[in-house]
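Please follow the paragraphs below with the sequence and the model side by side.

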Amino acid sequence: MKLIKNKPVYAQKNKTYFGLCLRGVLKAFVVFSIMQTVTVGAYTWASSESNNESLVQNQQTSNVLRHTLEKSLFTLPPRKQGHYGIRLYRLTGNKKYLSTSLYDTYVVADHLDFIANRLGDESYIKSYIKRAQRKQPDNYKGNLRRAVLAGNSEFLFYSSAILPFMNRLDELGLKSVHNEQLYAALKKYDFKSTLLKPEVIRAWAAQSANWVYWLHQLGIVDLRKPYKEAFIKTFEDESRLKGDAYINKVYGLTHFIFAASRYYQQPIDKKEFAWIYDYFEKNIARILSETKPDVIAEVGVSFLLAGEAYHPVVKQCRQSIRQAIDKEHKMIPSVDGEWDLARGEHRNVLAFMLFYLPRPLHPGPYLANDDKFRSYLPKNVVIKSVQR
């Protein structure tokens, strides 16, 4: 290395000054970095702590609702017990819910036995529809349904007396011994001519979405695309949707997602239903202020099924539902203030799901796959060769 002798004094001073400045800058940078680390670290810790608190709150809330439901489970009507048990199995995978699922299987199989023997009985079909008319409540949906049933109403027999029950057995990996006969009856009926009508969609917004997806799942007919178009057109004029009419629309939208998930058996691809999720995001304020707790819970669960656990809509729905839970009764009452759990089971199961999810989903339950239940299956059902 070449040495430079007789270096000017001013150069030595500049070097000393530069070194002091550099050390100062480095020192300031280190202090700043430490401060940033502490600040960011504190923020991260606070966020983590906040998330942990939220998770604990969600767990506590779901536990409260679950306890309320399960302590009275065996006092509920048979189909309500089945509704609860099947959904809780799909959410938890816990085999303790298989007994209520088996109970529901017996009820469904027996119903299909009865219906299969009356498929060609026109007088029975007419009486079924008349009973359905009489049972409609004196409210918004009831009035719409009575008006529809006053005309061509045969579709209701096929969509309500046969289709849901065949679908239930199908989801459990089973089918009725009368499946061929029942399948032929559904295949023969022209669902396209009725389920796409705006008056039918308005009167059965949620149910018609179920019917369309069940028809596809059973291999009867695929009306999903034209039904989506008909649904959008039916409810496109938002200015006319007030009160129950608006609730009806949102309720129908959530059922596209629920039906596509085969009722909590599989996650949802958000892109497939982007039009629905976009609507929920843009209109969440109105949904929270103008709809009911069960609808609000369904909107939140819809996001959870798509893996959106931390979406702002989920947080808002949880806040709303948490406020709706009565601390004394430990459940959500009806909008009329009723505490009848048989009537409120659906509402409170949805609220439970809102706080319990996201978790892995469990298809079925396939009772035939469990040795303890296989031999107890009804004799009027057949095990399917392929179980999804």
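About 480 Å³ of space lies in the second largest pocket, where a volume is the space filled by probe spheres set on grid points that are joined across faces, edges and corners. A pocket is here an open set of points, on a 1 Å grid over the protein atoms alone, where a 1.4 Å probe fits and protein lies on both sides within 12 Å along at least five of seven lines, and its lining residues have an atom within 4 Å of a point. This is a predicted model, in which local features need pLDDT of at least 70 and side-chain atom pairs count only at pLDDT 80 or more, while totals for chains, interfaces and linings use all residues. Residues are numbered from 1 along each chain as its sequence is written, and side-chain values use heavy atoms, with hydrogens and water left out.

Of the 20 residues that line the second largest pocket, Ser54, Leu55, Asn58, Tyr310 and Arg318 are the closest to its centre. Helix 1 (9–71), helix 15 and helix 16 (341–356) each supply at least two residues of this lining, and helix 1 gives the most, with seven residues; helices and strands are DSSP runs numbered from the N terminus (helices H or I, at least four residues; strands E, at least two). The lining divides into eight nonpolar, eight polar and four charged residues, with Ala, Val, Leu, Ile, Met, Phe, Trp, Tyr, Cys and Pro counted as nonpolar, Asp, Glu, Lys and Arg as charged, and the others, Gly among them, as polar.

Helix 14 (residues 293–305) packs with helix 15 (residues 312–324) at an angle of about 145°, their axes 9 Å apart; axes are lines fitted to C-alpha atoms, for helices over the stretch in contact, and angles run from 0 to 180 degrees between N-to-C directions. In this contact (heavy atoms within 4.5 Å), residues of helix 14 including Ile296, Val299 and Phe303 meet residues of helix 15 including Val314, Cys317 and Arg318. The residues of the contact of helix 14 with helix 15 divide into eleven nonpolar, two polar and one charged.

Helix 14 also packs with helix 16, where the axes come within 9 Å and cross at roughly 35°. Among the residues that make this contact are Asp294, Glu298 and Val301 of helix 14, together with His346, Arg347 and Leu350 of helix 16. The contact of helix 14 with helix 16 divides into seven nonpolar, two polar and three charged residues.

Elsewhere in the chain, Asn210 is found in helix 10 (residues 205–217) and counts as buried because its relative accessibility is 9%, buried meaning under 20% relative accessible area with a 1.4 Å probe and protein chains only. Asn210 touches His255, Ala259 and Tyr263, not counting residues up to four places away in sequence. Tyr263 lies in the loop between helix 12 and helix 13, is itself buried with a relative accessible area of 8%, and has a phi near 55°, a positive value in a residue other than glycine. Arg262 lies in the loop between helix 12 (244–260) and helix 13 (274–290), and its phi is likewise near 55°.

Two cis peptide bonds complete the tour: one runs from Leu357 to Pro358, with omega near 10°, and another from Gly364 to Pro365, with omega near 5°. Pro358 has its place in the loop between helix 16 and helix 17 (371–374), and Pro365 lies in the loop between helix 16 and helix 17.

Note on methods:
Buried < 20%, exposed > 50% of the residue type's maximum accessible area, 1.4 Å probe, protein only.
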